[in-house]
Amino acid sequence: MPRNAGTAIINLDLAGPRISRHLYGHFAEHLGRCIYGGFYVGEDSPIPNEGGLRLDVVEALRALNIPNLRWPGGCFADEYHWRDGVGARETRPRMVNTHWGNVEENNHFGTHEFMALCELLGAEPYISGNVGSGTVQEMSEWVEYLTRDGDSPMVALRKANGREAPWRVPFWGLGNETWGCGGNMRAEHYADLARQYSTYCRDHGDNTLYRIAAGAADDDYAWTETLMKQISCFGCEATPKNFFQGVSFHYYTLAGPWAAKGSATDFDTDDHYRTMAAAQRVDRVIAGHSAVMDCYDPGRKVGLVLDEWGTWWDVEPGTNPGFLFQQNTLRDALVAGLHFDIFHRHAERLFMANIAQTVNVLQAMILTDPEHPETLVLTPTYHVFEMNKGHQDAASLAVHLRASGTTRPTHDGKREVELETLSVSASVKDGTVLISCTNLDAEAEVDLDFDLRGGAIGTPTARVLTADRLQTHNTPDHPTTVAPRPLDGVSVVEGGLRVTLPAHSFVTLQVPLA
């Protein structure tokens with residue numbers, strides 16, 4: 001088997017920016033079987049549930065320390081009217097989900113069900129409001145309904161619907177993809193609406209909203225600049241105006257053009273490298289948006305929010321094309337590992353990221369099967385989130401990497417590039433260093449030496465996520481084919497560690513400080 005080699009230098013005593021736990025956020029849209037048939041099965045289901053919420057899904061996600069959950073969209077958010085989803089379920093009006101499959105929904109999963117889900121998960125709610133087809137008043141009243149105490153009209157309605165105390169809702173999206181499915185707006189028009197809507201999304205009591213403006217697609221830096229101009233001026237040292245506290249953007253990883261994204265499971269090595277190059281490109285995109293924001297907010301008070309990311313393949317054969325159901329292989333897990341390494345390096349500006357989506361849609365954590373309704377499958381991507389959860393709210397540690405043989409020419413969807421096939425990030429929290437390593441090479445192992453400076457270490461433990469083939473995935477019949485296993489052969493040497501990373505693998509090392 002071919003072998004590459006590298007050295008990673010980490011100064012254990014030089015802590016960098018905190019890695020926000022919200023970089024490990026999730027996304028649940030009314031799309032396909034994410035909500036209905038995924039999170040929500042109804043109270044009459046034989047599947048164990050609480051208030052219709054599927055408990056084995058909740059238990060699996062609690063193991064990830066899921067920090068936040070974004071809902072109800074996505075594109076769905078801008079045709080969702082929240083009052084249709086409160087009150088007695090049998091009286092709620094039906095609606096048509098025009099974006100995703102043109103299916104009819106009964107609105108049985110609404111505001112109260114979502115907030116109950118967040119409470120079960122221990123996750124903070126992130127609600128995306130309707131700018132595209134809603135009104136300022138509708139959004140303002142939703143905030144009041146959720147977060148105000150007292151006896152106002154919306155509070156009285158909430159209490160009549162069975163909830164006495166207000167909820168805490170920290171994150172609020174001012175629309176979604178307003179450049180596209182959220183209204184096909186120009187940046188200048190939406191920027192004015194963002195200022196208007198944010199004005200009436202009030203902080204009630206001790207609930208302080210972190211308002212997130214709907215930002216760019218991919219590398220549309222002009223959109224980001226238009227939004228930043230609303231809260232500051234070029235080169236200003238002043239604190240930005242408080243219209244919104246975050247600016248979002250979306251970035252998906254594809255191996256081909258939009259019309260032919262490729263199969264989730266039927267791909268070759270060239271497809272794999274193109275996918276990894278497209279994923280690696282998010283580093284440049286984050287850096288570009290950050291650079292624009294730095295011109296208007298050099299103090300980095302405003303957060304950058306990547307609230308949709310992940311792989312997007314052609315749907316599985318025989319499934320509804322509007323449901324975006326795709327299988328999840330080891331390749332998807334490597335995309336996730338690479339993204340997290342990049343997120344950690346941008347921790348000073350990047351505040352939140354939400355993978356699309358949590359259950360049964362796109363790069364999901366969990367897959368359920370209508371033919372095996374009582375089983376669920378944890379995907380390879382799920383395991384990357386679990387292996388990496390120690391990075392949440394940890395102090396980042398800079399990794400200085402020297403390697404040989406770890407580049408490969410390929411195409412990232414925009415241009416010819418040299419793909420770096422070795423990626424490493426690290427953090428420290430509570431006396432433990434967590435190092436994550438992603439070897440993207442389809443064939444070559446990597447002998448990696450860690451030069452750990454500025455502190456003594458104890459005995460490390462290591463885990464690896466890999467398989468014989470990149471196309472390997474988990475199924476109801478074989479649910480643990482791709483799952484973390486102990487990695488043997490990690491050596492403590494003078495000044496650090498030595499480890500061999502298998503080909504196409506994700507590895508974590510937990511290193512106690514002595």
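**Exercise 1.** Determine which residues of helix 9 meet which residues of helix 10, and classify them.

*Solution.* Step 1: on the helix 9 side, the contact is made by Leu-330, Asp-332, Ala-333, Ala-336, Gly-337 and Phe-340, which meet Pro-380, Thr-381, Val-384 and Phe-385 of helix 10; contact means heavy atoms within 4.5 Å. Step 2: these residues divide into 7 nonpolar, 2 polar and 1 charged, where Ala, Val, Leu, Ile, Met, Phe, Trp, Tyr, Cys and Pro count as nonpolar, Asp, Glu, Lys and Arg as charged, and the others, Gly among them, as polar.

The model is predicted, so local features need pLDDT of at least 70 and side-chain atom pairs count only at pLDDT 80 or more, whereas totals for chains, interfaces and linings use all residues. Residues are numbered from 1 along each chain as its sequence is written, and side-chain values use heavy atoms, with hydrogens and water left out.

**Exercise 2.** Describe how the axes of helix 9 and helix 10 are arranged.

*Solution.* Step 1: helix 9 spans residues 330-345 and helix 10 spans residues 380-387; helices (H or I, at least four residues) and strands (E, at least two) are DSSP runs numbered from the N terminus. Step 2: the two axes come within 7 Å and cross at roughly 30°. Axes are lines fitted to C-alpha atoms, for helices over the stretch in contact, and angles run from 0 to 180 degrees between N-to-C directions. Step 3: helix 9 is therefore roughly parallel to helix 10, given that angles under 35 degrees count as roughly parallel, over 145 as roughly antiparallel, 65 to 115 as roughly perpendicular and the rest as oblique. Step 4: the crossing of helix 9 and helix 10 is right-handed; a crossing is right-handed if the near helix is turned clockwise from the far one by less than a right angle, and left-handed if anticlockwise.

**Exercise 3.** Carry out the corresponding analysis for helix 7 and helix 9.

*Solution.* Step 1: helix 7 (residues 269-280) packs with helix 9 at an angle of about 25°, their axes being 9 Å apart. Step 2: this angle makes helix 7 roughly parallel to helix 9, and their crossing is right-handed. Step 3: Asp-271, His-272, Thr-275, Met-276, Ala-279 and Gln-280 of helix 7 meet Arg-331, Leu-334, Val-335, Leu-338, His-339 and Ile-342 of helix 9. Step 4: the residues of this contact divide into 6 nonpolar, 4 polar and 2 charged.

**Exercise 4.** How many aromatic pairs does a search of the whole structure find, and what is the geometry of Tyr-190 with Trp-223 and of Phe-340 with Phe-343?

*Solution.* Step 1: the search finds 26 aromatic pairs. Rings of Phe, Tyr and Trp (its six-membered ring) pair if their centres lie within 6.5 Å; planes under 30 degrees apart count as stacked, over 60 as edge-to-face and the rest as tilted. Step 2: Tyr-190 and Trp-223 are stacked, with 6.2 Å centre to centre and 20° between the planes. Step 3: Tyr-190 belongs to helix 5 (residues 187-200) and Trp-223 to helix 6 (residues 221-228), so the pair ties together parts 33 residues apart in sequence. Both residues, Tyr-190 and Trp-223, are buried; buried means under 20% relative accessible area, exposed over 50%, and partly exposed in between (1.4 Å probe, protein chains only). Step 4: the ring centres of Phe-340 and Phe-343 are 5.8 Å apart and their planes lie at 85°, so this pair is edge-to-face. Phe-340 and Phe-343, 3 residues apart in helix 9, are separated by about one helical turn, and both are buried.

**Exercise 5.** Examine the backbone at Gly-74, Gln-357, Leu-362 and Asp-393.

*Solution.* Step 1: most residues other than glycine have a negative phi, and most peptide bonds are trans. Step 2: the bond from Gly-73 to Gly-74 is cis, with omega near 10°; Gly-74 lies in the loop between strand 5 (68-71) and strand 6 (95-97). The bond from Ala-356 to Gln-357 is also cis, with omega near -15°, and Gln-357 lies in the loop between strand 13 (350-355) and strand 14 (366-369). Step 3: Leu-362 has a positive phi near 50°, lies in the loop between strand 13 and strand 14, and is buried at a relative accessible area of 2%. Step 4: Asp-393 has a positive phi near 65° and is found in the loop between helix 10 and strand 16 (395-404); at 27% relative accessibility, Asp-393 counts as partly exposed.
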